[in-house]
Amino acid sequence: MKTLKCDLCEVTAKGGTFEEWMRALLPHYMEAHPEVMKESNHSEEDAKKWMAENKERFEATPEDQA
């Protein structure tokens, strides 16, 4: 399990995989950053860039210590 900060603020979310982390972060994103979720000028390329950058960040994060 890894704990990472939101890419826009200090809130953290946990996940064993990048996909789990994204699902855990989604409710926070929708509540705290709705403008980002609703921006109509985001392209598919923007979404791919966000995914790539945050997947890289997730993979570079060490596992939580028990």
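Modeller: Let us begin with the side chain of His33, which makes a polar contact with the side chain of His28 at 3.2 Å. The model is predicted, so local features need pLDDT of at least 70 and side-chain atom pairs count only at pLDDT 80 or more, while totals for chains, interfaces and linings use all residues. Residues are numbered from 1 along each chain as its sequence is written, and side-chain values use heavy atoms, with hydrogens and water left out.

Biologist: What makes the approach of His33 to His28 a polar contact?

Modeller: A polar contact is a pair of N or O atoms within 3.5 Å; within protein, one must be able to donate a hydrogen and the other to accept it, and residues adjacent in sequence count only if both atoms are side-chain atoms. The distance between the side chains of His33 and His28 is 3.2 Å, and the pair is listed as such a contact.

Biologist: Is His33 buried or exposed, and where is His33 found?

Modeller: Buried means under 20% relative accessible area, exposed over 50%, and partly exposed in between (1.4 Å probe, protein chains only). His33 has 9% relative accessibility and therefore counts as buried. His33 is found in the loop between helix 1 and helix 2 (34-38); helices (H or I, at least four residues) and strands (E, at least two) are DSSP runs, numbered from the N terminus.

Biologist: Why is the pair of Phe18 and Phe58 called edge-to-face?

Modeller: Rings of Phe, Tyr and Trp (its six-membered ring) pair if their centres lie within 6.5 Å; planes under 30 degrees apart count as stacked, over 60 as edge-to-face and the rest as tilted. The whole structure has four aromatic pairs. In the pair of Phe18 and Phe58, the ring centres are 6.2 Å apart and the planes stand at 65°, so the pair is edge-to-face. Phe18 lies in helix 1 and Phe58 in helix 3 (residues 44-60), so the pair ties together parts that are 40 residues apart in sequence. Both Phe18 and Phe58 are buried. Ring pairs link Phe18, Trp21, Tyr29, Trp50 and Phe58 into a cluster.

Biologist: What lies over the face of Phe58?

Modeller: Lys2 does, at 4.7 Å from the ring centre. The criterion is that NZ of Lys or CZ of Arg is within 6 Å of the ring centre and within 35 degrees of the ring normal.

Biologist: How do you know that Lys5 forms a salt bridge with Glu10?

Modeller: A salt bridge is a side-chain nitrogen of Lys or Arg within 4 Å of a carboxyl oxygen of Asp or Glu. The closest N and O atoms of Lys5 and Glu10 are 2.7 Å apart, and the pair forms a salt bridge. Lys5 has a relative accessible area of 40% and is therefore partly exposed, whereas Glu10, with 59%, is exposed.

Biologist: Which residue forms a salt bridge with Lys14?

Modeller: Asp64 does, the closest N and O atoms being 3.4 Å apart. The pair links distant parts of the chain: Lys14 is in strand 2 (residues 12-15) and Asp64 in the segment after helix 3, 50 residues apart. Asp64 counts as partly exposed because its relative accessibility is 31%.

Biologist: Why are Glu53 and Lys49 separated by about one helical turn?

Modeller: Glu53 and Lys49 are four residues apart in helix 3, which means a separation of about one helical turn. The closest N and O atoms of this salt bridge are 3.9 Å apart. Glu53 counts as partly exposed because its relative accessibility is 45%.
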